[in-house]
Amino acid sequence: MLDDNQANVQIVCLTLRKNNLRAVGANNAHQALDLIEKEKPELILLDIMMPDIDGYKFMEMLKQDEKKADIPVIFLTAKSSTEDIVKGLEIGAVDYMAKPFSTSELITRIKTHVKMKRLQDALIEKKQSLEALNMEMNEIIGIMAHDLKNPIFSILMQAKSIKNERMPYEEAEDFIDGIIRASDVMLELIKKILEVNHVEQGKMQAQIKATDITQCTSDLLERYEQIAKNKDITLNVELGEIKMKPLLDENLYVQVLDNLVSNAVKYSPSRKRIWVKLECNNGTLDLSVKDEGPGLSKADQEKMYSKFCKLTPQPTGHESSTGLGLSIVKKYVDMMNASISLESEEGNGCNFIVKFPLSEEKMMK
């Protein structure tokens, strides 16, 4: 409450507190503004007749500040003429009460306007959320239309060539391989989009428990050894001695590892090396995926976990990129109460490090 009469401030604040309303008072405009800066109130009770800066002027100051303009104001004043009331409401007050006032009426009006403000804020937040969702949906549609157009066109042209020229299998084999590759690109994009949507709608819950990840790690990396070899890339695996089981969801862990290793292979040039390392360190199990690829600039690092983010580096073997891999990795890491960091400089490769908490359960020998 702002009123230059200290007794009025004390009485009103005490009355509000007795009715379970938190209240603070100020005797001048500068003191009130300082209080508002420290903690934005849900409503302001404002006197009009004050020296230096009166209630009308203070109201104008509030309305000129974007951060304060939406605070509901009730004039609580001895000025009670129709002209005063109209002026108060015209400059933006939500209500006007004359002194002396009814305590029950004041409390009811305050609670009503606070409730209305909370509902209004909720509607604004919902509107902003819907607008953001609409923009995201438009972005998804645009990206899918763009990224699916080329593989669909490729499939169509190659299928038409096979049909129109009535090719025997031996001649059509390259076209069939092209159709398969284009289909894989489309399927990967659709799977990634569905996966992100599944997580964001809360349909996926992490099943965190003490887990032996040795076998699933080896199985996945064995598959990537051949993929890396096809690009003349050396995949080095270092699975250190893991004495304690990490706390994680095995399925999500495999997805994190899969995405990180896939990116390392996808963006590494031929005759380069990739290291995948697991080791216990200061109460965590650390997964490190390091490559000798192009690295990421500071600008790329700031946006690398955003959905559909197209970073500067390009795949080195004409592989597809959805811009969703690192976004999914970050979501899964967070769901497992783990952390992820990146050591990288532009031109000097990337080293992604994921730290999983360890349980007290020991590994079987």
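In the predicted model, the axes of helix α7, spanning residues 214–230, and helix α8, spanning residues 250–267, come within 10 Å and cross at roughly 20°. Because angles under 35 degrees count as roughly parallel, α7 is described as roughly parallel to α8, and the crossing in which α7 passes α8 is right-handed. On the side of α7, the contact is made by Cys216, Thr217, Leu220, Leu221, Arg223, Tyr224, Ile227 and Ala228, while α8 contributes Glu250, Tyr253, Val254, Leu257, Asp258, Val261, Ser262 and Val265. By residue class, this contact of α7 with α8 comprises 11 nonpolar, two polar and three charged residues.

Three aromatic pairs are found in a search of the whole structure. One of these, formed by Tyr56 and Phe75, is edge-to-face, with 5.8 Å centre to centre and 70° between the planes. Since Tyr56 lies in helix α3 (residues 55–63) and Phe75 in strand β2 (residues 73–77), the pair ties together parts that are 19 residues apart in sequence. Phe75 also pairs with Tyr96 in a tilted arrangement, with 5.9 Å between centres and 55° between the planes; this pair links strand β2 to strand β3 (residues 95–98), where Tyr96 lies, across 21 residues. Tyr56 and Phe75 are both buried, as is Tyr96, and ring pairs link Tyr56, Phe75 and Tyr96 into a cluster.

In helix α10 (residues 325–335), the buried residues include Gly325, Leu326, Ser327, Ile328, Val329, Tyr332 and Val333, and just after α10, Asn337 takes a positive phi of about 55°.

Definitions and conventions:
Residues numbered from 1 in each chain as written. Predicted model: local features only at pLDDT ≥ 70, side-chain atom pairs only at ≥ 80, totals over all residues. Heavy atoms only, no water. Axes fitted to C-alpha atoms, helices over the stretch in contact; angles between N-to-C directions. Helix = DSSP H or I, 4+ residues; strand = E, 2+ residues; numbered from the N terminus. Parallel < 35°, antiparallel > 145°, perpendicular 65-115°, else oblique. Left-handed = near helix turned anticlockwise from the far one by under 90°. Contact = heavy atoms within 4.5 Å. Nonpolar A, V, L, I, M, F, W, Y, C, P; charged D, E, K, R; others polar. Buried < 20%, exposed > 50% of the residue type's maximum accessible area, 1.4 Å probe, protein only. Phe/Tyr/Trp six-rings, centres within 6.5 Å; stacked < 30°, edge-to-face > 60°.
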